[in-house]
Amino acid sequence: MPQDHNESYEEALERVRARRLAAAEQRRRRSRALGLTALGIGVLVVAGIVLSQVWGSGGTGDEAVPGNATTSSSPGGSKPAEPGAATRDRDGWRPWKGPVPILMYHPIQEPVEGNPYPDLFLTKEDFADQVRWLEEAGYQAVTLEEVLNSWFEDGVLPPKPVVLSFDDGYQSQYENAFPLMKRLGWPGVLNLKALESDIYDSQVEEMVAAGWEVASHSATHPDLPSLSDSQLEDEMVRSRRILEKQFATRVTDFCYPAGSYDDRVIAAVRGAGYRSATSTEPGLARPSDRWSLDRIRIELGDGAAELESKLVSAGA
Ligand SMILES: [Zn+2]
């Protein structure tokens, strides 16, 4: 989405509020539709039980046990949230101060017709191939927070750690990346714009509940080096405050919009209390580069083989 840079913070807030309202309305409509579907399934299940009892009792000639339909328990009832990645098996994890690959993803879907940056897309099939390859190669996904805890504190990491980071916040990241990773108990890092994301808040909440880290990708995705000092501070401090409040989670890492930063921007990130910042420069992330962590860019058409060769050429 092109950004109107003359727009004030308040105007941006107003626009986002309107978008949130529209999204909430869409969610309401969707859950109503889901409710109707569940009702339909419920009717079918009950009808099935009645039929099976009829057929069952008719078929055996015996007196069927009446009232034995205990399996008809509330179909479509909401199931409780799963504990998520908190229950990960940490067997074999150890302190690690060395480099870690951070993969950089954008939308996980077929390129959208007319989008000026088709290379940013990755199909869900290619993404699935990559995750399958990573798992078979012995990699385990961790959050950036876990990497920093191991680098700078007494945290531990798996023998082959990898961070899967997703920029900007797209619904396709929730729809096509999150379920696959959840099945493996893998968390990811969502680099979220505080005011301008395509992803629904409820989707982010679900990802956070499954162990995902939310990092700040600024409030409005501006070119940070061109901002005034106060605008810069605003993007750093307020984006963090908004995201922490919105998702009731700690936001400790920053991701430079479009990978653009300079010494003044780094000073602002540090001043705002972040622990690290990711860039778009290629390579492995190292503890000596905590204010400009390299990442491995994943592009359209990258399958398992391309991921492997990118990891190898980065030195993983
Ligand atoms: Zn971005």
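**Reading a predicted fold, one feature at a time**

Q: I'm new here, so let's start with Pro99: why does Pro99 count as buried?
A: The idea is to count neighbours: a residue is buried if 20 or more other C-beta atoms lie within 10 Å of its own. Pro99 has 20 C-beta neighbours inside 10 Å, so Pro99 counts as buried. Bear in mind that this is a predicted model.

Q: Where is the place of Pro99 in the chain?
A: Look in the loop between helix H1 (9-60) and strand S1 (102-105). Leaving out residues up to four places away in sequence, Pro99 touches Leu284, Ala285 and Arg286. There's also Trp151: Pro99 and Trp151 are 52 residues apart along the chain, yet their C-alpha atoms are separated by 9.4 Å.

Q: Now the whole chain. How many helices and strands does the secondary structure come to?
A: You'll find eight helices and eight strands. Of the 316 residues in the chain, 33% count as buried. As for contacts with a separation of 6 or more, 66% of them are between residues 24 or more positions apart.

Q: Which residues have the most contacts inside the largest nonpolar core?
A: Those are Leu103, Tyr105, Val163 and Leu190, in a core of 61 residues. Pick Leu190 and look around: apart from its neighbours within four places in sequence, Leu190 is in contact with Phe166, Gly169, Val204, Met207, Trp212, Val214 and Ala215.

Q: On to helices. Which residues are buried in helix H7?
A: In H7, which covers residues 263-271, Val265, Ala268 and Val269 are buried. Looking down the axis of H7, you'd see these buried residues fall within an arc of 100 degrees, so they line one face of the helix. On the other side of H7, Asp263, Arg264 and Gly271 are exposed.

Q: What covers the buried residues of H7?
A: The cover includes helix H6 (229-247), strand S6 (253-255) and strand S7 (276-282). Following H7 you'll meet Gly273, with a positive phi near 90 degrees.

Q: How many residues of helix H3 are buried?
A: Seven of the nine residues in H3 (residues 144-152) are buried, and the helix is mostly covered. Among them are Leu144, Val147, Leu148 and Trp151, along with Glu145 and Glu146. The buried residues of H3 pack against strand S3 (161-168), strand S4 (189-192), strand S5 (213-216), S6 and S7.

Q: Last one: at what angle do helix H2 and helix H4 pack?
A: Helix H2 (residues 124-136) and helix H4 (residues 171-183) pack at about 25 degrees, with their axes 10 Å apart. That makes H2 roughly parallel to H4. The contact is made by Lys124, Phe127, Ala128 and Val131 of H2 and by Asn176, Ala177, Leu180 and Met181 of H4. As for handedness, H2 passes H4 in a right-handed crossing.

How values were computed
Residues are numbered from 1 along each chain as its sequence is written. This is a predicted model: local features need pLDDT of at least 70, side-chain atom pairs count only at pLDDT 80 or more; totals for chains, interfaces and linings use all residues. Helices (H or I, at least four residues) and strands (E, at least two) are DSSP runs, numbered from the N terminus. A residue is buried if 20 or more other C-beta atoms lie within 10 Å of its own, exposed if 12 or fewer, and partly exposed in between; C-beta atoms are placed from the backbone. Two residues are in contact if their C-beta atoms, placed from the backbone, lie within 7 Å. A nonpolar core is a set of buried Ala, Val, Leu, Ile, Met, Phe, Trp, Tyr and Cys residues joined through C-beta atoms within 7 Å. The arc is that of the directions from the helix axis to the C-beta atoms. Axes are lines fitted to C-alpha atoms, for helices over the stretch in contact, and angles run from 0 to 180 degrees between N-to-C directions. Angles under 35 degrees count as roughly parallel, over 145 as roughly antiparallel, 65 to 115 as roughly perpendicular and the rest as oblique. A crossing is left-handed if the near helix is turned anticlockwise from the far one by less than a right angle, and right-handed if clockwise.
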